[in-house]
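Subject: Handing over the model

Hi there,

Here is the structure I promised to pass on. Please open it next to this message, and take your time with it.

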Amino acid sequence: MSALIRVENLVRDFDVSKPWLNRVIERLPKAKLRAVADVSFEIEERSVYALVGESGSGKSTIGRIIAGLIPASAGRVVIDGVDIVDQGGPDAVRSELQMIFQDPYASLNPRWKVRDIIAEPVAVRGERTQGLAEKLLEQVGLSATDAGKFPHEFSGGQRQRICIARALASNPKIIICDEPTSALDVSVQSQVLNLMSDLKEEMGLTYLFISHDLTVVRHMADRIGVLYLGSLVEEAPRDRLFDAPKHPYTRMLFDAAPRMDAFGREVDPPKGEIPDAINPPPGCPYHPRCPLATQICKEEHPAPRMIGETRVRCHHAE
Amino acid sequence: MSEPVLSVRDLVVEIPTRHGVLRPVDGVSYDIAAGEILGVVGESGAGKSMTGNAVIGLLDRPARIASGEVLLQGQPIHQLQGAALRKLRGRHMGMIFQDPLTSLNPLLTVGDQLTETIQEHLDLSASQAHERAIAALDEVGIPAARQRIDSYPHEFSGGMRQRVVIALALCAEPELIIADEPTTALDVSVQAQIIALLRRLCRERGVAVMLVTHDMGVIAEAADRVAVMYAGRLAELGPVREVVTQARHPYTAGLMASTPVASQGQKRLRQIPGAMPRLDAVPAGCAFHPRCERAQARCRQAPGPTLQACDGRAACWFPITHEQEATL
Amino acid sequence: MLAYIIRRVAQSILVLLVTGFVAFSMFSFVGDPVENMLGQERTQADVDRLRGQLGLDQPFVVQYAKFLQQAAQGNFGLSYRQGREVSAILAERLPATLELAFVSGLLALGGGIGFGILTAIRRRGISSNVIMTLSLVGVSLPTFLIGILLIYVFSVELGWLPSFGRGEVVDLGWWTTGFLTVSGLKALVLPAITLGLYQMTLIMRLVRTEMMEVLRMDYIRFARARGLRERSINFRHALRNTLVPVITITGLQLGSIIAFAIITETVFQWPGVGLLFINAVQFVDIPVMAAYLMMISVMFVGINLIVDLLYFAIDPRLRVDGKAGGH
Amino acid sequence: DALRWARSSDSLTLDPQAQNEGPTLAMMHQMMEPLILRNPSGELESALATDWAVSTENPDAWSFTLREGVKYHDGADFTAEDAVFSFERAMSENSDMKGLLTSIVSVEANGDYELIITTDGANPLLPSSLTNIFMMDKGWAEANGAQNVQDFESGEETFASQNVNGTGPYRLVSREADVKTEMTRFDGYWGADEFPLDYTDIVYTPIQNPSTRVAALLSGEVDFIQDVPVQDLQRIESDPELKIMTSPQNRVIFFGMNIGDELVNGTPEGGNPLADVRVRQAMNMAINRDAIRQVVMRGQSIPAGVVMPPFVNGWTEELDTVPTTDVEAARALMEEAGWADGFSIQLDCPNDRYVNDEAICQAAVGMLAQIGVTANLNAQPKAQHFPLMNGLGSDFYMLGWGVPTYDSEYIFNFLYHTKGDEFGTWNSTRYSNPKIDEMTRAIAAEVDLEARDAMIAEMWQIVKEDMIYLPVHHQTLNWAMRNEVGAAVNADDSVHVKYFTYD
Amino acid sequence: MSDHQIEIETRRTPGRLARAWNGDLAYSFRHSPVAMISAFMVALLVLSAVFAPWIAPHNPFDPGSLNLMNGFTPPGEPNAFTGEVFLLGTDDQGRDVFSTILYGMRISLLVGFSAVMLAMVIGVVLGLLAGYLGGWIESVIMRIADIQLTFPAILVAMLIFGVAKGITPPEYRDQMAIYVLILAIGLSDWVQFARVVRGATLVEKNREYVEAARLVGRRPFSIMIRHILPNALNAVLVIATISLALAIIAEATLSFLGVGAPPTKPSLGTLIRIGQGYMFSGEWWILLFPALTLLALALSINLLGDWLRDALNPRLR
Ligand SMILES: Nc1ncnc2c1ncn2[C@@H]1O[C@H](COP(=O)(O)OP(=O)(O)OP(=O)(O)O)[C@@H](O)[C@H]1O
Ligand SMILES: Nc1ncnc2c1ncn2[C@@H]1O[C@H](COP(=O)(O)OP(=O)(O)OP(=O)(O)O)[C@@H](O)[C@H]1O
Ligand SMILES: [Mg+2]
Ligand SMILES: [Mg+2]
C-alpha cells in the first residue's frame, strides 16, 4: 500500500500581530502564532489516521490545510501524487477530498433544504443531481422523504448523517473528519461511528480522523499522531501507542482521561495547562509540565526519532 | 443515616408551549447526603440541567415546577420566591455552570465578584470579605491568590477560570453544590484537575454535590451514586460501581455498552437504535420502550415504570438481572 | 492606546479633507451668493467685481485649496452674509448649541437608559408596553412638528414657557450660558425636549434590546445562582455589560443631536450654529457653510474618540489587546 | 419702556452702506438718519436736511440746507463735511447704495451747513433716492478705520459693521447678530421734542419661523412683529390684546415671460408661444386675481393691472384696472394664436421671498391649466431662483418689484429697458423696444415734470400693450402689535420707532 | 443548546401556506395584538395609497381640476363660494385634503420604499464584500462608512439634494425632485445596512457550512449570495422596516427645510409643512389630518418593525 496523503515538514503560522502603528509605538515585534510546527506524516490508502491532542494543538489547522481551505506557510502536502502546496492549489484534488465538521448545527446552512445541501458538491460542478440526495440519505440511514426538509427539523445525530451524506456526494476518496462526534451523545456517537466504519468498508474511504477523545480514536484509528502545541510529539500504530506510550505527554493524556472502570480513582492530576502558543516555551514545548524534563529539554527541541514502530519527539523517551 | 442535604420528591417541571405542555422533568426523586457526590447522567435533552435549575430555583420562564417537592436540609424550598429564595442561593446552595468563560462577568474583577457574593451572604466588613475572597481563591488552587484577586476573568486561563467559578460558588460556604457539566468545555488534563478539586472540596467540607454530566468516565471516577435520566425521568439510580458494571435498566446498559471503551476490540460499536424522543412526543408507558429490545406489552401501557414502583434502582418492569448481564 | 488616538486623528484629518472637498464641490450648486449680496440696483459690473473679490470665478478646486490653506491657519474667512469673521461667529454661536445639545443629550441618555432598563426588566409589564409604544410616537412625527406642537401647547395656550430664543444669558468671557438664569433655563425646556425625544427613543430601544440579551447571559444566571440582589444584578452586572454596545450608538446619536439641532433651532429661533447654518444655506454663505461642516466633522470625530476611550475605561478586555474600535 | 420687536430676519450688518436691503435699512433707521426721510404716510420729510431745492445757479445741482445742532451719539457735531464723507462712501465701489446714486457727479460742502450735489444732467428725482443714504461721522469713521465699505478681498471685517455712531433717535447698546439687538433712547437727539419717542428702549429679535413669530406675539413675548403670515391675521385680531395695522405695500408681484425666439427649457413645435402677444394676453386673462386675493392672500393684496405699485409717480387707476378673468375668451385667444391645444412650460418661482409666493404660483398653475397651459412649477429658494432668472435661465418666472424712488423711471430702467450691463438688469424677458430704451433715458433727465409725466404715461401705454409681464397683485403690509403700541405702517415696510406711541 | 427548542417546534404540516401560518413568526404574529393591529394599519394605508386614483374623489395632482375658490373649506361643511363639500376639508389651494393625503402618501411611500431599497442594496453589497473579503477592501468600505456617519443623515441628504438639483437640467427638476429625494435619503442611510450585514457576514463566514461550501469549490461571490446573504436577511429585514419609517419621516423633515417633494405633488411631509402654517389660524384640518396619517403610518411601521425585531431574535424568545 502506498501513502495516499503525505505531509512533509508542514508549518503554518498565523499573524497575530497588533496593527502596524501599535507595534511602532509600543516597540513590539511582529507576533506570530505557530499553529503547526514541522509536522510530517503519511496516511495509507483505506486507512484511518487519527490526530489527537488538546484544544489549540493544531489538529484542525492541519485538517484545513490538507483540505485546501487555508494555505500552508511551509512544507509539502501531497495528495494522491499531487502537491497541493505548489501545484495550483487544491482544485486539482477537490473532488477526491471531503470534510465533516465538528458542529452539526453550524455545518448545515439553515436556509437550505437538505436536498440542496447534500447535492451542493455536485451541483457546483454543474453536474446532474437528480435523485442524488435521496439516494445518499438512505445510504446514511435517513429516509428519502427527508430531502425536502430544513436542517432545523433534525436532531444532532441526524444532522451529522446529513453532513456525511454531503461528504459522500462527490464520491471522494478521502474524508477529513474534524471531531465528528464530539458534539454528540454517546448513544448517537456510536451510531455515527458505526456508519463511518461501514462506509469506509463499502466505499474504500481513507479518513483523517481528528479528535481529542482517546477512546474514540482507539476505536477508529489505524495509526495515531499526538499533537502538542503544533508539534507531532508521538506517532505510532494504534496498539503500539496505547500499549506502550513513549512520550510523557501521551502518557499524561492517558492518565488524565476519565475511565469507566476507575471508580474513585485517586491519582494526582496532571500539572499545568497548555502554554500560550504565541510565546511557546523554548526547547521542548512540553518541558514546563514534564516530570522527566532536564536541562536539555529547556534548550533543544528534540528531533523525531524512531523507537520501534513509534516515532517520538522527546529527549528522554525510550 | 442523617437527614440528606437535598431531597427531591416527585419533581415535575412543565413548560407550556404552543404544542401543549412539555414535561422536561417528570417525577424525579433522589436524595444527596452531606459529603456525597451524586452523578446525574443522560443524553442531551434528558432533563439534567432542568432538574438542577429547578432545585436552585433558576427555571427560566415559562418553565415551572408543577408538582413535587424540593427539600433543602428538610426545609421545602420549591415554593420560595424572591428574597427568601435569593438568601438560600449562594449561602446554602451553589451552582457551577458549564462554560467558565461565560459564567464570569467580564467587566468585574474576580475579587469584586467574590467579595460581592461574600458580603451579600455573610456579615463581614469589606476587608474581611477581601481576605475571605483570597482564601477562597487559595483554596481552589489559584497560585498567588493575593496578587491575582484584582485580575479580570479574561486574564485567567480556562482551567483557572473554572477554579474561580468554583471559588465563587463555594465562597459563602453552601451545603449543596449543583455542578452542571463543569468540565465539558475543558481539556482532559484540566478536567482531571477540576474533578480532583471538586472531590477534595466535597470531602473536606462535607458539601453535597450534584454533578451533572454526560461523560460516563467522569461519573465513574467522581461520583458516589449515579442517577441516569432518560426523557425527563429517572431510569436508574444507584451506587456508581453497580450502575456502571451491572446496569439493570436496558437503557443504562445500552449506554454503557455503546461507549468505545466497552466495545474495545470490536469492529462495530454496540448501538441503541433510534434516538431519545422529543419532549412533545414521549411515548406512553415506559419512555424507552420503542428502542428497547426487551419491551413487552406492559411497557407500552401508561403509567410507565418508576423507581418506586419497580425495584427502587431501575425504573423498568423487566430489569436486567445480573445473571442475564453475564450472558450478554 | 496612543496608537489608537494617532490613528483616529489621522482618520479625522482625512475626514476633514474629504468633508471639505465634498462640501466645496457641492457649493457651486446651492446657488449664487453674489445675487444675495448685492442690492437690486446692482449692475453686471458689480456682480463680476464681487465674484472676483470672492474668488468665485475660479474653479472650485482652486477655491478649495485656498480655503484649506486658510483653514489650516484657523482662518475661515468672512461670512458673506454678515461680513464678519466666520470663526468669531461660530465661537459666538457654539455655546448655545452645545448647551442645548448637552441638555437634550442628558435627557436622551437619562431617559433612554432609565426607560430602557425598566422595559427590559419588566419585559411583559403593561407599563413597559405603554412606554414602548409612546416612545415610538416620538419617532413617528417629524421633529419640526413636535416642536411646533410644543410651542402651541406650552407657550401659546398655557403660556408657561417661552416660544423662542435662549432667554437671559450670562456672559462668562468666551462662553455665554443660559444655565444661570431662570429665563435661560425655562427657554431650554421645549427645545431640549424636541431635540432629545428622538434620540431618547433610539437609546431606550437599544438599551432594552441589549439589556434583554445580557440578562440571558450565563454570568447573569450565575450571579442569580449566587444569590445576589436583583438590583445589583441589573445595574452592576447587566447594565455595565449593556453599556459597551450602547456607547457606540449613543456616541453617534449624541453627535447627530448637534446636527439635528438645525431643525430645532430653526423652530425655536435658538441662536446656535444650526440656525446659523440654515441662514447660511439660504444666503449661500459659503464660508459659513464650509466652516460649519468642518466643525461638525471635528465634533463627530472627537465624539468617536471619546467613545473609544470610554470603551477602554469600561471594558478591561480591550485594555490588554487593544482591539477596540472593532465596532 | 421697551419695544420688543420681531421680524423674520436680522439686519445683515450695521454698516449703513454695505447692504441695500429691507431689514438692514429698517434697523439703521433707528440709529442713523438720511438727509431726507419718507414718513409713515409716504411723504418726504426733512431729517438731517431742513430744506432742499434745485440750485439756483445750476439746474444740474441740488442744494441741501443741513440741520444745525445735530449731534452724533458720541457727541460729535454733524456738519456738511460728514455729509460729503458719507456720500462719497456711499458712492464708493463696494457700497451697495451706489446704484441709487449713479447720477451724482459731485458732492460738495458749502460751509458747515450747506451741501451741493451735482448730477449728470438735471435730476428731478434726486431727493427721493436719498432716503436711505445715512450720514456717518467722518471723524469716527477715520478714527476707527471704517472709511471703506466692507471689502471681502481684504478678508477683514470693518469696524462699522459692528458699531454705530449715528444721529438717530436710538443708540446701540448691544448686538448679537441674528439673535438680539438692543437700543436705547439717545438723549441728545435733535428731535427729542418733535417726535413722540415713547419707547425708551428697543429690543429687536429676528424670528425666522413664521409660526414661532406669531406664537411669540400671542404669548406676549414680543410687542410688535412684521412679516405676519396672512392666515394668522384673524387669530391675532381676535386676541383682545393684539391688533393689526395694514397698509398697501410698495411692491408689486408679477410673472415675467420669455418672449424671445427660443425657450430655454425646450421650445415647443411651432416656436415660442410666449412670443405671441395673444398668448400672453390669454394667460393674463386666465389668472383669477380675485381668487388669489381671497384665498391665497386672505384679502391681503390688491389685484394689480400694471407692474407698478400705486404710490409710484405715473400710476393711474386706469392703468391698474384688473382685467376680468375670462377663461372662455382666453381659450379663444389661444386658439386664434394657434395654441388651442396648449403647451407646456416651466414656471420658476421663489419660495422664501414674497408673501405666499409658492402658493401664488401654485394657484397660477391651476388657472393656466384651464386654458391648456401646463406649467411645471419649480419653486426654490431665492438664492437659486434669482440667479436662474437673471442668468436668462427661465422662461416664466415670478418677480416682485418695489420702487424705493417712487417713480416709474425705476421700473423702466430695471424691468423694461433692453437687458444690458447698466440698464434692464432685471429684465429677463428678452423684451427690447428701442423706443422704450430711448424714453427711459430721456425721462431720467427731463426736468419739465409735466412733459416727463406725459412721456411716462405714453411708455406705460406701450408696455401695457406688449404685455411682457403678467401683474398679479400689490402686496399688503401687515404689522401686528399689542394694543398699546401706536404705530402707522410704512409703505416700504421700514420702521421708525420715533413715531411710535405708547398708549 | 437552544436548538432543542427549535426541534420541539417542528411538527410537519404539509402545505406551504399552512406551514408559514404555523411557523414561528406567524405564531408570534397571531399572538401579538400590537403586531396584528399595526400590520392591519400598514396594509390599510399602503393599499389606500396604491389605489388612491380609484379611492380619492379628486385628483389633487391635476392642477386644472382645482378651483382655488374651494380653498380652506372646513371638513364636512359647504364652501362659502362654491357650496362644495369635502370630507376632510380643503387646503390653501382648494385641494381636497382627503384626496391629497392619499396621493401624498403615495409619494411618501414611494420615496420611503425606494430610498430604503437603494440603501439596502448598497449597504448589503458593501457589507457583504467588506465582511467576506476583509483586508483592504473592508478597511476602505468601513472607513467610507465612518466618514459617512460623520455626517448626520439629514445633512447628507440636504447636500445631495442640493447637488442633484444643481446638476439636473432645469426642465427636469420638477419631476426629478422625487428621484433626488430617493437618492438623497437612500445614500444617507446605507451605512447601517452595511454594518449589520458585515457583522452578520463575519459571524456566518466562520460557520462550518461556509467552509463546506468553499471546500467543494464554490466561488466567494457565489458563497456570499447563496449562503451568507440569506442568513443575514433577517437582520436586514428588521432594519429595513425601521428605516422605512425613518425615511418617511426624513422626507418630511427635509421638506421642512425646503428640500422636499414639490408643492404641486406634495408628500405627507410637504402637506405637514404647508399645514403647520395654519396652526394658529383655525384651519386645523390642513395640518391635523396629514399629521395623523403620517403618525399612523410611521407608528404602525415602527411597531411592526419592533415586533419583527423581537420575533426574529431567537435570543429574546
Ligand atoms: N485564523 C487564525 N488566526 C490566528 N490563530 C489561529 C487561527 N486559526 C487557528 N489559530 C490558532 O492556532 C492554534 C491551533 O488551532 P486549531 O484550531 O488547529 O486547534 P485544534 O487542535 O483544532 O483545537 P480544538 O480542539 O479547540 O479544535 C490555536 O492556538 C489557535 O488559536
Ligand atoms: N424554554 C423551553 N421551551 C421548550 N423546551 C425547553 C425549554 N427549555 C428547555 N427545554 C427542553 O427541556 C428539555 C430538558 O433540557 P435540559 O437542558 O434539562 O437537558 P440536559 O439534559 O441538561 O441536556 P444537555 O446535556 O444538552 O445540557 C430539553 O429537551 C429541552 O429541549
Ligand atoms: Mg479544532
Ligand atoms: Mg444541560
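Below is what turned up, going from the chains as a group down to single side chains.

A word on the ground rules: this is a predicted model, in which local features need pLDDT of at least 70 and side-chain atom pairs count only at pLDDT 80 or more, while totals for chains, interfaces and linings use all residues. Residues are numbered from 1 along each chain as its sequence is written, chains are lettered from A and ligands numbered from 1 in the order in which they are written, and side-chain values use heavy atoms, with hydrogens and water left out.

**How the chains meet**

Eight pairs of chains are in contact, and chains C and D share the most contacts of these (contact means heavy atoms within 4.5 Å). On that interface, 50 residues of chain D are in contact with 50 residues of chain C. The two chains bury about 4,300 Å² between them, and carbon and sulfur atoms give 49% of that area (buried area is the accessible area, with a 1.4 Å probe, that two parts lose on being put together, summed over both). Three salt bridges cross the interface of chain D and chain C (a salt bridge is a side-chain nitrogen of Lys or Arg within 4 Å of a carboxyl oxygen of Asp or Glu). Arg235(D) forms a salt bridge with Glu157(C), with 3.7 Å between the closest N and O atoms.

Chain D does not touch chain A, and the nearest C-alpha atoms of the two are 41 Å apart. Chain D has no contact with chain B either, the closest C-alpha atoms being 48 Å apart.

**A covered helix in chain D**

Helix α10 of chain D (residues 382–390) has eight of its nine residues buried, so it is largely enclosed by the rest of the structure. Here, buried means under 20% relative accessible area, exposed over 50%, and partly exposed in between (1.4 Å probe, protein chains only); helices (H or I, at least four residues) and strands (E, at least two) are DSSP runs, numbered from the N terminus. Among the buried residues of α10(D) are His385(D), Phe386(D) and Met389(D). Its cover includes α2 (33–37) and α11 (273–283) of chain C, along with β14 (343–350), β15 (373–380) and β16 (396–402) of chain D. After α10(D) comes Leu392(D), with a positive phi near 55 degrees.

**Chain E and the cores**

Chain E has 14 helices and zero strands. Of its 317 residues, 60% are buried. Among contacts in chain E between residues at least 6 apart in sequence, 69% join residues at least 24 apart.

The largest nonpolar core has 256 residues, and those with the most contacts inside it include Phe255(D), Trp401(D), Tyr416(D) and Trp460(D) (a nonpolar core is a set of buried Ala, Val, Leu, Ile, Met, Phe, Trp, Tyr and Cys residues joined through side-chain atoms within 4.5 Å). Helix α12 of chain E (residues 220–256) gives the largest share of this core, 16 residues. Apart from it lies another core of 112 residues, including Phe97(B), Leu186(B), Ile272(B) and Met276(B).

Over all chains, the whole structure holds 68 salt bridges. In chain A, Lys32(A) and Asp13(A) pair at 3.7 Å, N to O. Lys32(A) is in strand β2 (residues 32–44) and Asp13(A) in strand β1 (residues 3–15), 19 residues apart. Lys32(A) is partly exposed at 46% relative accessibility, whereas Asp13(A) is buried at 17%.

In chain B, Glu14(B) and Arg64(B) form a salt bridge with 3.3 Å between the closest N and O atoms. Glu14(B) lies in strand β1 (residues 6–17) and Arg64(B) in strand β4 (residues 64–72), so the pair ties together parts 50 residues apart in sequence. Glu14(B) is buried at 12%, and Arg64(B) is partly exposed at 40%. Another salt bridge joins Arg233(B) and Asp26(B) at 3.4 Å, N to O; these two residues are 207 apart, in strands β10 (residues 233–239) and β2 (residues 20–32) of chain B. Through shared partners, salt bridges join Glu14(B), Arg23(B), Asp26(B), Arg64(B) and Arg233(B) into one network.

Best wishes
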